[in-house]
Amino acid sequence: MTTSDLFENNGKFDAFVFMGESNRFYFTRFETSFGAVVVTRDKGVFITDFRYETEAQERVKDLDIVISTYSEFFGKIAEVLQAAGAKTVGYEETMSVGEFGEFKAALKEFKLKPAGDIIAAKRAVKTEEEIGFICTAQQIAERALQKAISRVKAGVTERELMAEINYEMIIGGAEKYSFETIVAFGANTAQPHHHPSDKKLDKDELILVDMGAKYNGYCSDMTRTFCIGDPGEQLERVYDIVKEAQEYAIKYIKAGMTCHEADALAREYIIANGYGDNFGHSFGHGVGIDIHEDPRVGASSQIVLRPNMVITAEPGIYIPGLGGVRIEDMLVVKENGVSDITSYEKKLII
Ligand code: ZN
Ligand code: ZN
């Protein structure tokens, strides 16, 4: 991962220290439970402990590697910064209070400034390689859902369907799940983040699945809503409104638009159809190493969409006691539109 662009519009910084797990992965390309990446104007240094020495030497190409014990760790960070002549150092606001105390004490000669937003903004714009990993993760998830859904019958429980989807994702090449797969039936679909239970499926109930696979450290995210019987007139109408709202937004989102404007496209469509109060969450979010990362595509976000951001488009309408519909695709933002990297069909009755 290139590091020089971190300084491009951030001239007041001489160096950055990243200690969060996802940011370590971003620069090193492998998972570690301990370490820091220190980026100065002329190089990057990965400081970790002896457990990761061999893997770091094999896999980390663009960074110098320093092996440290925990007691020397913050001192090693200070040494790298001193050697680079750094004065103003950006840090990530993910440390615990205890860690931050040690960090501040070891780095007291430097001017420390929060810089979590700078790295989040860099990570929000994906490289072609990262987009490729996300697309592969999505293809694994789609094949898994097709297989699991083709076997669904009345009487299956939410937990059983969740287990089948998870099994198919792992067998199909996922390293793990992006997050705990959500499976909801019937009135449970009205809770956007329902935890799968032992509830059995009745033929005419809605089935909502929100799932993602992880591939090479990158997440996918997709939601589909189905029914194997007759969901009734109101939920069929709700399904059409959500699908049309999503399609309308996908047609008009493009780089240069704010996240607020992107959110408003689907939201205004849903409001115009009388369900504004039933769409209680944001339109979408960035996806990458983390399942939720910048940009948050919500009503209060003024972040401007840029080419190669990967965001979700996930409007939903939830009617307590009756059911909810959410449909979620992943989009790559382009100069003049978006590329929808979710190809799973949107069909309510299966
Ligand atoms: Zn999702
Ligand atoms: Zn999502």
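Modeller: Let's start with strand E9, residues 207-211, which runs antiparallel to E12 and is joined to it by 5 bridges. Please keep in mind that this is a predicted model. To find one of those places yourself, go to Val 209: its bridge partner in E12 is Arg 224. Strands of a sheet pair through backbone hydrogen bonds, either parallel or antiparallel.

Now step back to the whole sheet. It is open and has 3 strands, in the order E8-E9-E12, with antiparallel pairing. Strand E8 (182-185) and strand E12 (222-226) are at the edges; each has a single partner strand, so one side of each has no neighbour in the sheet. From one strand to the next, the twist averages 10°.

Two helices pack on this sheet. Helix H6, residues 128-150, touches E9 and E12, and its direction makes about 20° with that of E12. Helix H7, residues 158-171, touches E8 and E9, and its direction makes about 150° with that of E8.

What ties the loop between H6 and H7 to helix H7? A salt bridge does, between the side chains of Arg 151 and Glu 168, at 2.9 Å from N to O. Arg 151 lies in that loop and Glu 168 in helix H7, so the pair connects parts that are 17 residues apart in sequence.

Next, please look for the metal. The zinc ion (ligand 2) is coordinated by Asp 221 (OD), His 285 (NE2), Glu 314 (OE) and Glu 328 (OE), at 2.1 to 2.2 Å. Along the chain, these donors follow the spacing D-x63-H-x28-E-x13-E. The angles subtended by the 4 donor atoms range from 78 to 150°, which makes the arrangement irregular. Asp 221 also bridges this zinc ion (ligand 2) and the zinc ion (ligand 1), and the two ions lie 3.1 Å apart. As for the two glutamates, Glu 314 lies in the loop between strand E15 (310-313) and strand E16 (316-319), and Glu 328 in the loop between strand E17 (323-326) and strand E18 (329-334), so the pair ties together parts 14 residues apart in sequence. Both Glu 314 and Glu 328 are buried.

Asp 329 counts as buried, at 0% relative accessibility. Elsewhere, salt bridges that share partners join Arg 123, Lys 126, Asp 290 and Glu 293 into one network. A search of the whole structure finds 19 salt bridges.

One last stop is Lys 122, in helix H5 (residues 116-124). Its relative accessible area is 13%, and Lys 122 is buried. Leaving aside neighbours within four places in sequence, Lys 122 is in contact with Thr 2, Asp 5, Leu 6 and Tyr 26.

Key
Residues are numbered from 1 along each chain as its sequence is written. Chains are lettered from A and ligands numbered from 1 in the order in which they are written. This is a predicted model: local features need pLDDT of at least 70, side-chain atom pairs count only at pLDDT 80 or more; totals for chains, interfaces and linings use all residues. Side-chain values use heavy atoms; hydrogens and water are left out. Two strands pair if DSSP finds at least two bridges between them. Helices (H or I, at least four residues) and strands (E, at least two) are DSSP runs, numbered from the N terminus. Axes are lines fitted to C-alpha atoms, for helices over the stretch in contact, and angles run from 0 to 180 degrees between N-to-C directions. Contact means heavy atoms within 4.5 Å. Donors are N, O and S atoms within 2.8 Å of the metal (3.2 Å for Na, K and Ca); water is not among the atoms, so sites may look incomplete. Four donors count as tetrahedral if all angles lie between 85 and 135 degrees; four count as square planar and six as octahedral if opposite donors are over 155 degrees apart and all others between 65 and 115; anything else is irregular. Buried means under 20% relative accessible area, exposed over 50%, partly exposed in between (1.4 Å probe, protein chains only). A salt bridge is a side-chain nitrogen of Lys or Arg within 4 Å of a carboxyl oxygen of Asp or Glu.
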